[in-house]
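Open the model in a viewer and keep the selection tool at hand.

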Amino acid sequence: MERRPPRTTAARAAALLAAAGLALTACAPGSGNDDGGGGSAGPTGPVETDISGLGDVTLTVWDQEVRGGQDEQMTQLNDAFTAQYPNVTIERVSQSFDDLSTTLRLALTGDDAPDVVQTNNARATMGQFVEAGQLVPLDAWAEEYGWRDRYPESVLQYSTYSDDGAVFGEGSLYGLPQVGEVVGVYYSRSALEGLGLEVPTTWDEMSVAAEAAAASGLTPMLLGNIEGWPAGHVFGVVQGATVDPAEITELGLGNPGASWTSPENVEALTTLASWQEQGWFNEGVNGTEYDAAWQQLTQGQGLFLIAGSWLAPDIEAAMGEDAGFFAPPPAEGAEGVATTGGTGIPFAMTTAAEERDVAAAYIDFITSDDAMQVLADTGNLPVVDTASYAPESGLLADVYTAFDEVSTQGSLLPYLDYATPTMGETLNQTLQGLLAGEVTPEQAAEALEADYAEFTSSGG
């Protein structure tokens, strides 16, 4: 689930959609969903990896890479792709995560759907698009390009579904991500040093730091949760320190066998509520925008910010060497860190793509080894061979270290909104209610269990 670029205004979203419509009118593909329902076909003929002889093609790409470093890497890669293949024109439509989530579902049902799209791995998006036959399984191209050798299976599983969309983590491959992600703790080095403290390595030390910050008049933790989903990332960190990783994975993938009402999950919800009750968060978390919260960190208004690695380029640009990042402390007695993370939103091919070899060549190009270097050079976190691209110092060095630590020695846990078609909204509303003091931890657990149990008992 990449996550979470800035919200734009409704007018901005409308303008983007209108622009997309104009671009789509001019582009070549557009036969819509001609593969029927779930279990849609792969390539319509033998796979062709040399696309230079396929004639002039316009490829429409929808992405959500709107931030500085994210946008820069896409711009560089698109320019390099069209330089290598001058017969291909890329019509790029870039929207924020929230806007893309709103417009993509409608676009995929139309006659002028884009060819390549970034779509969230979750059941509510990729799972439903697979079920509806709106995405093309990429297995034939994966074989031809060697994608299963390039990517570890632990990464590819998050873009894998059965052809009816019912099973998550098994089946055909429906997308490739570019970036790795880990949710950890941003902090101000000078603020921590001002409190006379070192970077916390245990949850007890985190508590000491938070209390010291509060006593000094500094907000211990910044959180902007008006969108609803940011609290889910904070909760994922708390849950990773409280609940067995295997249980979290089952809950996150919507597979049966776990329970939200277990004592450990209730304990995690209780901990999050206690942080709010102790005044560790800024005033009005449910009325604060996500971007406003991390910007407050860059302005010296807080000590910690629990958020994803995708914010690193922007935070480093604003804070320079004062910005730091570390993986959340492990649970007491645990051998490694368990925290939310995994991959950025994968690029997928839609069934509207007429020139599917061109679409596949594009996906291959922007996820190649050369592309990973471009990602690293523009401040992003390559999902493949991450350690080899690590900078020597600075915030990004911290982020690379944390991702490597979690992915090789700990547990990267799935985003909890993956679980069911409705879990994203359920989680958002539940955690907003918990932070507002409107529901108890036990009631929150019951609400999440109801969503999860209804889905798993139905067979998916």
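Buried here means under 20% relative accessible area, exposed means over 50%, and partly exposed lies in between. The model is a predicted one.

**Stop 1: Gly69**

Select Gly69, which is in helix 2. Its relative accessible area is 12%, and the cut-off for buried is under 20%, so Gly69 counts as buried. Next, show what surrounds it. Setting aside neighbours within four places in sequence, Gly69 is in contact with Thr378 and Asn380. Draw a C-alpha to C-alpha distance from Gly69 to Thr378: the two are 5.1 Å apart in space and 309 residues apart in sequence.

**Stop 2: Ser96**

Move to the loop between strand 2 (88-94) and helix 3 (97-108), where Ser96 lies. Is Ser96 buried or exposed? With a relative accessible area of 2%, Ser96 is buried. Show its side chain together with the backbone of Asp99: a polar atom of the Ser96 side chain lies 3.1 Å from the backbone nitrogen of Asp99.

**Stop 3: salt bridges**

Side chains of opposite charge can pair when their charged atoms come close. How many salt bridges does the rule count? The count comes to 6.

Begin with Arg148, and display Asp139 and Glu153 as well. Arg148 forms a salt bridge with Asp139, with 3.0 Å between the closest N and O atoms. Arg148 also forms one with Glu153, where the closest N and O atoms are 3.9 Å apart. On accessibility, Arg148 is partly exposed at 38%, and Asp139 is partly exposed at 26%.

Now select Asp364 and Arg150. They form a salt bridge whose closest N and O atoms are 2.7 Å apart. This pair links distant parts of the chain: Asp364 sits in helix 15 (residues 356-365) and Arg150 in helix 6 (residues 147-150), 214 residues apart. Asp364 is buried, with a relative accessible area of 13%, and Arg150 counts as buried at 19%.

**Stop 4: Asp385**

Most residues other than glycine have a negative phi, and most peptide bonds are trans. Against that background, check the backbone torsions of Asp385. Asp385 is not a glycine, yet it has a positive phi of about 50°. To find it, go to the loop between helix 16 (369-377) and helix 17 (395-409). Asp385 is exposed, with a relative accessible area of 51%.

**Stop 5: the two domains**

Colour the chain by domain: domain 1 covers 57-180 + 344-388, and domain 2 covers 181-343 + 396-458. What separates the centres of domain 1 and domain 2? Taken over C-alpha atoms, the separation is 27 Å. The contact between them takes 26 residues from domain 1 and 30 residues from domain 2.

The size of an interface is often given as the accessible area lost when the parts come together. Between domain 1 and domain 2 the buried area is about 2100 Å², and carbon and sulfur atoms give 58% of it. On the domain 1 side, select Arg67, Arg123 and Tyr158: these lose the most area to domain 2, together 31% of what that side buries.

Look for charged and polar pairs across this interface. The rule finds 0 salt bridges between domain 1 and domain 2. Residue pairs in polar contact there number 5, with both residues at pLDDT 80 or more. Then show helix 2 (68-84) and helix 4 (123-131), each of which supplies at least two residues of the domain 1 side that touches domain 2. Helix 4 gives the most to that side, with 3 residues.

**Stop 6: the nonpolar core**

Finish with the largest nonpolar core, which has 140 residues.

Note on methods: Residues are numbered from 1 along each chain as its sequence is written. This is a predicted model: local features need pLDDT of at least 70, side-chain atom pairs count only at pLDDT 80 or more; totals for chains, interfaces and linings use all residues. Side-chain values use heavy atoms; hydrogens and water are left out. A nonpolar core is a set of buried Ala, Val, Leu, Ile, Met, Phe, Trp, Tyr and Cys residues joined through side-chain atoms within 4.5 Å. Buried means under 20% relative accessible area, exposed over 50%, partly exposed in between (1.4 Å probe, protein chains only). Domain bounds come from an automatic or database domain assignment. Contact means heavy atoms within 4.5 Å. Buried area is the accessible area (1.4 Å probe) that two parts lose on being put together, summed over both. A salt bridge is a side-chain nitrogen of Lys or Arg within 4 Å of a carboxyl oxygen of Asp or Glu. A polar contact is a pair of N or O atoms within 3.5 Å; within protein, one must be able to donate a hydrogen and the other to accept it, and residues adjacent in sequence count only if both atoms are side-chain atoms. Helices (H or I, at least four residues) and strands (E, at least two) are DSSP runs, numbered from the N terminus.
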